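Please look at the structure below.

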Amino acid sequence: MTDNNILPCEVNVASETGRLRAVLLHRPGVEIERMTPLNAAHALYSDILNKPIVDTEYANFCGVLEKWTKVYYVEDILERLLADGEVRRYLVEESCDMDDCDDDLAEKLMELTDKELAAALIEGYEDPEWDGASDDRYLLKPLYNLFFTRDASSTVYNRVLVNSMSFEVRERETLIYEAIFKHFFKVGTLNAMQSDRDARTEGGDVQIASRDLLCIGQGIRTNTKGIKYLAQTFAQEREQFNILVQELPKSPESFIHLDMVFTFLGKHQCMVFEPMLKKTGLFAGKDTTLISIYKGNISYRKVNNIVEGLNSLGWDMEPVIGGGSDPWVQLREQWHSGCNFFSLGDGKVIGYRRNTKTIEALDKAGFAVLNAEDIVSGKVRMEDYEKFVAAFPGSELPRAGGGARCMTMPILRD
């Protein structure tokens with residue numbers, strides 16, 4: 001049952017590495033078991049997952065976060081919001097409309113308890129007349145990707161960017177996040193589709209470097225129209241602002257977002273996929289562009305790579321190479337989110353332990369390697385270390401196509 005005593009906090013994120021004070025998560029639920037080999041590709045998965053193992057891995061992941069910060073869970077807030085008749089009706093009708101459900105189903109959903117309805121909106125609602133053979137088992141489709149809380153919404157300073165998802169299977173996620181931030185956290189939102197129906201943004205491509213700088217990936221999930229919307233928004237609001245854009249390969253799927261090849265580890269260190277820096281392999285010919293905004297004017301210039309772009313703006317950024325020095329290992333570990341770290345604070349990060357060469361590179365760069373299980377059990381205190389990587393086990397979770405940053409939506413940082 002949801003905790004009715006949970007209270008909203010302030011929403012404000014002005015960097016990737018400020019001390020984390022609050023984060024939004026979703027525990028992977030029954031929805032991930034509603035995939036088959038036939039619908040996995042449609043759900044944007046390359047394989048189906050073993051939920052008991054997912055549960056164990058995720059328990060270590062969220063257990064570390066609960067030791068460090070305030071953790072909100074999507075399912076708890078959603079259940080609470082559904083007690084409001086107006087919010088309930090809106091979410092039911094819009095969800096049914098997006099999934100092409102009939103009016104009879106909407107009325108059946110309205111009769112569910114708050115807890116049952118929250119589950120149905122996330123896990124799907126089965127067709128009582130399903131024949132046992134067709135692909136259309138669920139009238140209301142499961143939200144297979146909801147535990148990647150980063151993508152459908154992302155905190156940008158003191159507002160939330162409700163993202164315009166690139167694939168239909170994920171569009172309904174935005175209804176839930178928009179309701180959470182509008183009605184629970186009561187914060188203003190941005191949406192690129194309000195200016196252009198073809199504009200696309202996703203949270204894995206949007207990194208809040210500082211109060212006057214965004215780093216954004218441009219690829220299959222975030223397009224030039226989405227970036228243009230952000231540039232124009234800040235040109236109207238800020239006298240001076242910068243957006244550093246990295247073009248991404250269209251395939252394979254491991255390059256879907258910027259945070260799959262680049263994440264901030266601290267104020268002066270970042271994790272990087274080396275071919276992106278050297279513009280080799282799949283990154284040959286992929287541009288890095290600095291968009292500069294000054295008194296309403298927007299200008300563009302190419303830079304050699306994202307690290308040099310940061311340094312040209314006054315940063316002193318040291319890259320740590322994901323996968324170590326071997327190009328084959330770099331590719332293998334990038335495939336399983338080897339560069340996808342989430343910062344709990346300056347020099348304090350969490351990521352998958354399976355990427356052994358990446359973890360070794362962090363160790364050499366001065367990060368103490370802590371086992372998530374020891375943190376969760378209380379054997380190890382993160383507060384005792386100036387720099388650390390909390391390494392949690394991942395065999396099933398990485399197969400879903402994301403890592404620690406993908407699974408976190410920070411709400412408040414210092």
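In this predicted model, Ile-216 stands opposite Val-245 in β10. Local features need pLDDT of at least 70, side-chain atom pairs count only at pLDDT 80 or more, and totals for chains, interfaces and linings use all residues. Residues are numbered from 1 along each chain as its sequence is written, and side-chain values use heavy atoms, with hydrogens and water left out.

**Strand β10 and its partners**

- Strands (E, at least two residues) and helices (H or I, at least four) are DSSP runs, numbered from the N terminus.
- Strand β9 (residues 213-218) runs parallel to β10 and is joined to β10 by six bridges; two strands pair if DSSP finds at least two bridges between them.
- With helix α8 (residues 224-237), β9 and β10 form a right-handed β-α-β unit. Right-handed means that, with the strands pointing away from the viewer, the path from the first strand over the helix to the second runs clockwise.
- Strand β13 (residues 288-294) pairs with β10 in the antiparallel sense, over seven bridges. Here Leu-244 stands opposite Leu-290 in β13.
- Six of the eight residues of β10 are buried, so the strand is mostly covered. Buried means under 20% relative accessible area, exposed over 50%, and partly exposed in between (1.4 Å probe, protein chains only).

- Side chains of opposite charge can pair when their charged atoms come close.
- The whole structure holds 22 salt bridges, each a side-chain nitrogen of Lys or Arg within 4 Å of a carboxyl oxygen of Asp or Glu.
- One of them links Glu-16 with Arg-405, with 3.1 Å between the closest N and O atoms. Glu-16 lies in the segment before β1 (20-25) and Arg-405 in the loop between β19 (388-392) and β20 (409-413), so the pair ties together parts 389 residues apart in sequence.
- Arg-405 also meets Asp-259 in a salt bridge (2.9 Å, N to O). Asp-259 lies in the loop between β10 (240-247) and β11 (262-264), so this pair ties together parts 146 residues apart in sequence.
- Relative accessibility is 7% for Glu-16, 1% for Arg-405 and 0% for Asp-259.

**A salt bridge between two helices**

- Asp-114 and Arg-88 form a salt bridge, their closest N and O atoms being 2.6 Å apart. Asp-114 lies in helix α5 (residues 114-123) and Arg-88 in helix α3 (residues 85-98), so the pair ties together parts 26 residues apart in sequence.
- Asp-114 is partly exposed at 26%, whereas Arg-88 is buried at 8%.
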